[in-house]
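User: I would like to know what the labels in a structure description rest on. Please take me through them one by one.

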Amino acid sequence: MYKGEAPAEPALELRQVSKSFGGAHALRGVDFTLRPGEVHALAGMNGAGKSTLVEVVCGALAPDSGEILVGGESSPALTPRRARALGVSIVHQRRTLVPDLTVAENMLLGRLPRRAGRVDWSSVRADAARALDELGVEVPVQASVGDLTPAQQTLVEIAREVHVGGSILILDEPTAALGGADAARIHDLVRELRSRGTAVVYISHHLDEVLALADRITVMRDGRTALTEVIENVDLTALVRAMVGDRPISEPARRGRDVGAPALELAGLGGDRLRDFDLTIREGEVVAVLGPAGDAQREFFPLLSGVRRPSSGTVQVGGTRLRTGSVRASLSAGLRCVTGDRLVHGLVPGLSVDENLALADRGMNRPWLVRWKDLHRRAADTRRRYGVITLSADPAVDSLSGGNQQKVLLAKWLDTGTAVCVLEEPTSGVDVAAKADIHRMVDELADRGAAVLLTSADVDEVRRLADRVVVIRGGRAVAELHRGELSRDDLVSLTVGGHVS
């Protein structure tokens with residue numbers, strides 16, 4: 001198709017599609033074309049508009065303007081049901097399989113064949129085995145999905161979407177949590193799908209794998225299409241430049257801080273993906289761990305908060321070895337770990353703002369007696385200091401904007417005598433004003449002498465906040481840099497698999 005053949009009729013086409021949320025423009029007149037039997041990569045920095053584009057294609061969001069064509073059929077907007085009927089399927093970065101069910105049950109979930117009013121289990125297993133075999137996926141159909149490796153789960157989910165009629169398949173970071181050998185298995189399956197005529201949108205932060213796998217690539221920036229090109233005509237440098245843009249990015253002015261004694265020391269720390277990680281952070285220092293979305297930087301919160309026990313290594317706080325795998329021990333040591341998933345692991349949606357603020361306040365932690373007057377008085381002072389804006393005296397926390405929810409979460413933990421703070425994607429899903437407020441909070445926290453470990457996939461945020469940056473890729477540290485040592489382009493290049501220019 002790309003060696004002189006005439007282009008095929010598009011399987012999917014977006015024409016001048018726009019989408020805004022309030023005053024924020026997520027998509028600005030985007031054009032996108034996907035052909036049958038093509039792997040079309042979609043790349044861009046966080047916030048570039050990739051997720052919004054995918055949600056529009058899958059029918060989860062209706063665009064404000066523009067046109068969507070699937071198989072030549074035009075529509076101003078799709079619904080999830082309509083998109084699936086037209087052959088649009090998506091495999092999300094977070095698996096949607098049911099761990100306690102077998103591979104066969106997951107493959108045909110919602111479509112189990114019946115005979116005489118009962119599920120025909122022999123047909124279920126035979127149909128699933130046939131669907132997997134057609135794609136060359138070697139996974140036992142009677143195995144429990146929870147017992148499969150991450151790579152096997154991804155293969156099963158892709159095969160399921162193809163089996164239900166997915167002729168347009170969107171793969172969202174399918175190899176983000178996989179090592180080299182497992183990622184290669186996914187790549188092989190994508191090539192097999194291409195040979196069968198399936199149209200694939202391949203979303204990845206790993207530009208090296210995109211260059212090896214895709215036929216074409218579209219790079220998005222600030223809600224627009226920055227580049228669409230045949231893969232043979234671009235290299236890593238061109239893609240990074242398209243992602244970053246030509247506008248100069250100046251270093252934010254910030255006075256130097258005096259750092260103290262080692263506050264957090266990690267030695268040989270390992271997890272599901274994290275491998276043999278060493279790091280020392282001193283009092284008053286902000287150190288960022290920067291990696292592609294879905295890489296091992298997401299493991300620091302559960303490992304250091306005590307939610308999960310590391311597979312290897314030690315953690316020391318203030319020179320004292322921490323008993324890992326214990327939330328109580330982490331809190332007692334002065335570790336404050338702020339999750340990037342605020343409504344799942346951070347806040348209690350059913351409680352009010354003031355009640356959420358009081359949850360980490362030991363002075364208010366008397367379940368047999370709640371002094372409501374004191375609770376509201378303390379919370380009012382905290383809301384004022386952290387800039388939490390509410391339309392009523394004490395609304396439900398899930399009624400606030402994303403930025404105000406995030407401020408509540410940060411205030412809940414940072415107001416409790418923090419010695420070491422772990423911040424996971426602290427400005428995810430917030431507006432520009434809230435982001436600036438949160439950055440000031442981090443600066444003030446370090447100015448007070450706290451050690452801050454920031455885990456992020458946002459290069460700009462890391463450059464704004466960090467005194468040092470550790471770049472992680474594939475679960476291992478690949479570079480350590482001091483503030484101002486490298487440009488934004490170099491950081492992006494290191495993160496996505498390239499080298500310093």
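Analyst: Start with the largest nonpolar core: of its 90 residues, M107, I158 and I217 touch the most other members. Two points on the source. This is a predicted model, where local features need pLDDT of at least 70, side-chain atom pairs count only at pLDDT 80 or more, and totals for chains, interfaces and linings use all residues. Residues are numbered from 1 along each chain as its sequence is written, and side-chain values use heavy atoms, with hydrogens and water left out.

User: What makes a set of residues a nonpolar core?

Analyst: A nonpolar core is a set of buried Ala, Val, Leu, Ile, Met, Phe, Trp, Tyr and Cys residues joined through side-chain atoms within 4.5 Å. The largest has 90 residues. Another core, of 28 residues, lies apart from it, and includes L27, V57, A83 and I203. In soluble globular proteins, nonpolar side chains tend to be buried together.

User: Which residues does I158 touch, beyond those up to four places away in sequence?

Analyst: I158 touches V91, L169, L171, I186, L189 and L193. Contact means heavy atoms within 4.5 Å.

User: Why is P310 called buried?

Analyst: Buried means under 20% relative accessible area, exposed over 50%, and partly exposed in between (1.4 Å probe, protein chains only). P310 has 12%, so P310 counts as buried. P310 lies in the loop between α9 (300-305) and β16. Leaving aside neighbours within four places in sequence, P310 is in contact with L269, G270, L303 and T324. P310 and L269 are 41 residues apart in sequence, but 6.7 Å apart in space, C-alpha to C-alpha.

User: Why does E13 count as buried?

Analyst: E13 has a relative accessible area of 18%, and therefore falls under the 20% limit. E13 is found in strand β1 (residues 12-21). Strands (E, at least two residues) and helices (H or I, at least four) are DSSP runs, numbered from the N terminus.

User: What makes a polar contact between the side chains of E13 and R15?

Analyst: A polar contact is a pair of N or O atoms within 3.5 Å; within protein, one must be able to donate a hydrogen and the other to accept it, and residues adjacent in sequence count only if both atoms are side-chain atoms. The E13 and R15 side chains make such a contact at 3.1 Å.

User: How do you know that β16 pairs with β17?

Analyst: Two strands pair if DSSP finds at least two bridges between them. β16 (residues 312-317) and β17 have 2 bridges, so they pair. They run antiparallel.
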